[in-house]
Amino acid sequence: MKDNYIIFARTATINQGLDGNSINAQINTLKKLAQERKLSVGEVITECGDSGVRKRRLAFNYMIEMLENGTAKGILCTDLSRLSRSSETLLELQILMMQKRIKIITPQETYGGDDERNLLLFSAMSIDAFYRRKHSRAIKKGLQAKRLKC
């Protein structure tokens, strides 16, 4: 396995970049993080206009291939939510982390290996994603009902 890390930056919408969380802002933050921690960056992968829930994400899937085949040893991202908002994808990523002993590094935290704390974190993220989807459906249902009354 190479010692290279992948910088992964994603915005769900083009407008998201206007709030200081643009692809370029994420990349700059992560390049600075890599430099501070003396980490080698092998590739920068970006997704723009993707919600992070869909399964068919070409850039994300390419990154996973690199991790699976040992081309990279980990991911640098500004927040775990940049990777995915899908419980299923997060679980797959958690399994890959344990099998390949990859690391996910954010400016706030380092996740990886067989640390039990990381298992709990991803479990919590999956539960959070479940409730977020449930809440979103309830809001949409409420908005539809409100439109029917007008």
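This note walks through a predicted model of one protein chain, point by point.

1. **Before you start.** Because the model is predicted, local features need pLDDT of at least 70 and side-chain atom pairs count only at pLDDT 80 or more, while totals for chains, interfaces and linings use all residues. Residues are numbered from 1 along each chain as its sequence is written, and side-chain values use heavy atoms, with hydrogens and water left out.

2. **The overall plan.** The protein chain has 4 helices and 5 strands. Helices (H or I, at least four residues) and strands (E, at least two) are DSSP runs, numbered from the N terminus. Followed along the sequence, the pattern reads β-α-β-α-β-α-β-β-α. Of the 150 residues in the protein chain, 38% are buried. Here buried means under 20% relative accessible area, exposed means over 50%, and partly exposed is in between (1.4 Å probe, protein chains only). Among contacts with a separation of 6 or more, 69% are between residues 24 or more positions apart; a contact means heavy atoms within 4.5 Å.

3. For angles, axes are lines fitted to C-alpha atoms (for helices, over the stretch in contact), and values run from 0 to 180 degrees between N-to-C directions. As background, strands of a sheet pair through backbone hydrogen bonds, either parallel or antiparallel.

4. **Strand 1 and its partners.** Strand 1 (residues 4-11) pairs with strand 2 in the parallel sense over 8 bridges; two strands pair if DSSP finds at least two bridges between them. You can trace this pairing residue by residue: Asn4 has Ser40 of strand 2 as its bridge partner, and Ala9 has Thr46. Strand 1 also pairs with strand 3 in the parallel sense, over 3 bridges, and there Ile7 stands opposite Leu76. Strand 1 is mostly covered, with 7 of its 8 residues buried.

5. **Two helices side by side.** How do the axes of helix 2 and helix 3 cross? The axes of helix 2 (residues 58-68) and helix 3 (residues 87-100) come within 11 Å and cross at roughly 20 degrees. That makes the two helices roughly parallel (angles under 35 degrees count as roughly parallel, over 145 as roughly antiparallel, 65 to 115 as roughly perpendicular and the rest as oblique). Phe60, Ile64, Leu67 and Glu68 of helix 2 make the contact with Thr89, Leu93, Leu96 and Lys100 of helix 3. These contact residues divide into 5 nonpolar, 1 polar and 2 charged. In this grouping, Ala, Val, Leu, Ile, Met, Phe, Trp, Tyr, Cys and Pro count as nonpolar, Asp, Glu, Lys and Arg as charged, and the others, Gly among them, as polar.

6. **A loop residue to look up.** Is Thr78 buried or exposed? Thr78 is buried, with a relative accessible area of 15%, and it lies in the loop between strand 3 (74-76) and helix 3. Leaving aside neighbours within four places in sequence, Thr78 is in contact with Asn21, Gln26, Thr29, Leu30, Thr106, Pro107 and Gln108.

7. **Other loops.** Lys38 is in the loop between helix 1 and strand 2 and is exposed, with a relative accessible area of 73%. Lys38 has a positive phi of about 55 degrees although it is not a glycine. Arg101, found in the loop between helix 3 and strand 4, has a positive phi of about 55 degrees and is not a glycine either. Lys73, in the loop between helix 2 and strand 3, is partly exposed at 25% relative accessible area. From C-alpha to C-alpha, Lys73 and Met97 are 9.7 Å apart in space and 24 residues apart in sequence.
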